[in-house]
Amino acid sequence: MRGISSGVYYRRIIAAGSGGSVIDCVFCRIIARQTAADIEYEDAHVMAFKDIYPKAPVHVLIVPKRHIASIAELSDDDAEVIGRCFLVARRLGETKGFADKGYRVSVNTGPEGGQVVYHVHFHFTAGRQRGHGA
Ligand code: AMP
Ligand code: ZN
């Protein structure tokens, strides 16, 4: 059996005890306002903030407030909040003037998918031409 010092076990306890936030997750810390971020949008379920290392003229990360590690961890219960993330992408496209010009919404998943932060996030990038699938 895992001891209390096990990282996995510890994270599970924290997740159960504080409304779905994970104490050592950088995005949970931003959501809890324990780490600074340039917040672009927030409601009860979703937050959007500027990527600290932007890869496009506009680069915003859209995250569910509830900790979900990756697309690979999604359950049926997450369907609504994931849909809400796309609605926030649409809103950002409109408020930032890209509704007609277009923008990109992408999700990296797992080590070979380029995921570095294990709290599901949608990269909203806009402001320059990109090759298909780049
Ligand atoms: P990914 O590779 O899809 O997991 O993307 C993680 C993204 O999070 C990268 O684009 C990072 O620049 C961004 N990032 C990491 N830490 C922070 C932070 N504290 N505030 C804003 N963006 C961050
Ligand atoms: Zn998290």
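Me: Which residues does the face of α3 turned away from its buried side carry?

Reply: Helices (H or I, at least four residues) and strands (E, at least two) are DSSP runs, numbered from the N terminus. A residue is buried if 20 or more other C-beta atoms lie within 10 Å of its own, exposed if 12 or fewer, and partly exposed in between, with C-beta atoms placed from the backbone. In this case, the face of α3 turned away from its buried side carries the exposed residues Ala 79, Glu 80, Gly 83, Leu 87 and Glu 94. This is a predicted model, in which local features need pLDDT of at least 70 and side-chain atom pairs count only at pLDDT 80 or more, while totals for chains, interfaces and linings use all residues. Residues are numbered from 1 along each chain as its sequence is written, and chains are lettered from A and ligands numbered from 1 in the order in which they are written.

Me: Which residues of α3 are buried, and against what do they pack?

Reply: The buried residues in α3 are Cys 85, Val 88, Ala 89 and Leu 92. They lie on the same side of α3 because they cover an arc of only 105 degrees around the axis, the arc being that of the directions from the helix axis to the C-beta atoms. Two residues are in contact if their C-beta atoms, placed from the backbone, lie within 7 Å. The buried residues of α3 pack against β1 (39-42), β2 (46-50), β3 (58-64), β4 (104-106) and β5 (122-126).

Me: How many residues has α3, and what span is expected of it?

Reply: The expected span of a helix is 1.5 Å times one less than its number of residues. Helix α3 (residues 79-95) has 17 residues and reaches 25 Å from its first C-alpha to its last, close to the 24 Å expected. After α3 comes Gly 97, with a positive phi near 85 degrees.

Me: Where does positive phi occur in a residue other than glycine?

Reply: Arg 33 is such a case, with phi near 60 degrees, and this residue lies in the loop between α2 and β1. Arg 33 counts as exposed because it has 9 C-beta neighbours inside 10 Å.

Me: What is the pattern of helices and strands along the sequence?

Reply: The chain has 3 helices and 5 strands, and read along the sequence they follow the pattern α-α-β-β-β-α-β-β. Buried residues make up 20% of the 134 residues in the chain, and among contacts between residues at least 6 apart in sequence, 53% join residues at least 24 apart.

Me: Which members of the largest nonpolar core touch the most other members?

Reply: A nonpolar core is a set of buried Ala, Val, Leu, Ile, Met, Phe, Trp, Tyr and Cys residues joined through C-beta atoms within 7 Å. The largest one has 22 residues, of which Ala 48, Val 60 and Ile 62 touch the most other members. At least two residues of this core come from each of α2 (26-31), β2, β3, α3 and β5, and the largest share, 5 residues, is supplied by β3. Leaving aside neighbours within four places in sequence, Val 60 is in contact with Glu 40, Ala 48, Phe 49, Lys 50, Asp 51, Leu 92 and Phe 124.

Me: Is Val 63 buried or exposed?

Reply: Val 63, found in strand β3, counts as buried because it has 23 C-beta neighbours inside 10 Å. Its C-alpha atom is separated by 5.4 Å from that of Met 47, 16 residues apart along the chain. Not counting residues up to four places away in sequence, Val 63 touches Phe 27, Val 46, Met 47, His 119, Val 120 and His 121.

Me: How many residues surround ligand 1?

Reply: A residue is near a molecule or strand if its C-beta atom, placed from the backbone, lies within 6 Å of it. Ligand 1 is surrounded by 13 residues, the closest being Ile 52, Tyr 53, Asn 108, Val 116 and Val 117.
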